[in-house]
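Good morning, and thank you for making time for this item.

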Amino acid sequence: MRLLLLIVPALVCGCKTQVQSEDRRAVTVNVQEQTAAKPLAREAEQAVGELIAGVKASTLAGLQAEYPSQDPGRHALMLATIQDRNYQLKPELHSEGGETSTWGVRVHRASAQPFLNAQAIQAAATRIGSATMGTPQVTAEKNRHAATQIRAGAAPYVDLFVPVTFTHQGGKWAVLRTPQLIGNLTQP
């Protein structure tokens, strides 16, 4: 029995085809969409660039929709980080030992950690006159103060590499935007 075999490139459309041997009747075969494991360098850099443009254009409402948080003032703090004049995001192909490479974003951003620790929580409680430190009002004050410090340029800066995951939809590569990714790019 001889079957006609087709060699298919890395990207295959979802379609039906018929395969027929000389001595058998036609058989319908479903071919599912398959994609290459990762995009070409140009496609990856473009997808990461589109992610960066989207993050830099973020609004408070957009952050609230994309990053769920019950922490009062968290989204305003994230927005202050994005709006900081020294905030930088760059596409990067990160290699370790020359063997593996991962696409991601090189991030240079303010770190509000000094304004979010236990002493900062106590100071926030004192500023609003609260005897209880775990209230939403204290959390909101702590985050408001941290955002103010970022806007004033008083926060230290951190540099980090955030790897990304790609998705292929509609014939185009894009970065898979998850709450974790957005948090890593914007949380102080």
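**Layout and selected contacts**

Along the sequence, the chain follows the pattern β-β-α-α-α-β-β-α-α-β-β-β-α. That gives 6 helices and 7 strands, where helices (H or I, at least four residues) and strands (E, at least two) are DSSP runs numbered from the N terminus. Please bear in mind that this is a predicted model, in which local features need pLDDT of at least 70 and side-chain atom pairs count only at pLDDT 80 or more, while totals for chains, interfaces and linings use all residues. Residues are numbered from 1 along each chain as its sequence is written, and side-chain values use heavy atoms, with hydrogens and water left out.

Two totals describe the chain. Of its 188 residues, 34% are buried; buried means under 20% relative accessible area, exposed over 50%, and partly exposed in between, with a 1.4 Å probe and protein chains only. Among contacts with a separation of 6 or more, 59% link residues 24 or more positions apart, a contact being heavy atoms within 4.5 Å.

I turn to the sheet. Three strands form an open sheet in the order S3-S4-S5, with antiparallel pairing; two strands pair if DSSP finds at least two bridges between them. At the edges are strand S3 (88-96) and strand S5 (157-163), each of which pairs on one side only. Strands S3 and S4 (residues 100-110) run antiparallel and are joined by 9 bridges. One partner pair is histidine 94 with threonine 102 in S4.

Which elements do the buried residues of helix H3 pack against? They pack against helix H1 (41-56), helix H2 (60-66), S4, helix H5 (136-151) and helix H6 (179-186). Helix H3 itself (residues 74-83) is mostly covered, with 8 of its 10 residues buried. Those buried residues include Arg74, His75 and Met78.

Helix H6 contains leucine 185. This leucine 185 counts as buried because its relative accessibility is 1%. Leaving aside residues up to four places away in sequence, leucine 185 touches Leu51, Val55, Tyr87, Leu89, Val105, Val107, Arg109 and Val162. Its C-alpha atom is separated by 9.3 Å from that of phenylalanine 161, 24 residues apart along the chain.

Helix H5 holds lysine 142. Lysine 142 is buried yet has no salt bridge, and the nearest side chain of opposite charge, aspartate 71, is 4.4 Å away. For reference, a salt bridge is a side-chain nitrogen of Lys or Arg within 4 Å of a carboxyl oxygen of Asp or Glu; Lys and Arg count as positive and Asp and Glu as negative, with His and the chain ends not counted. Not counting residues up to four places away in sequence, lysine 142 touches Asp71, Phe115, Leu116, Ile121 and Ala124.

Finally, the hairpin. Strands S6 (residues 166-169) and S7 (residues 172-175) pair in the antiparallel sense over 4 bridges, with glutamine 169 opposite lysine 172 in S7. Between S6 and S7 lie 2 residues, and glycine 170 in the turn has a positive phi of about 60°.

How many aromatic pairs are there? The count comes to 1 aromatic pair, under a rule that takes rings of Phe, Tyr and Trp (its six-membered ring) with centres within 6.5 Å, and calls planes under 30 degrees apart stacked, over 60 edge-to-face and the rest tilted. The ring centres of phenylalanine 166 and tryptophan 173 are 6.5 Å apart and their planes stand at 90°, so the pair is edge-to-face. Both phenylalanine 166 and tryptophan 173 are buried.
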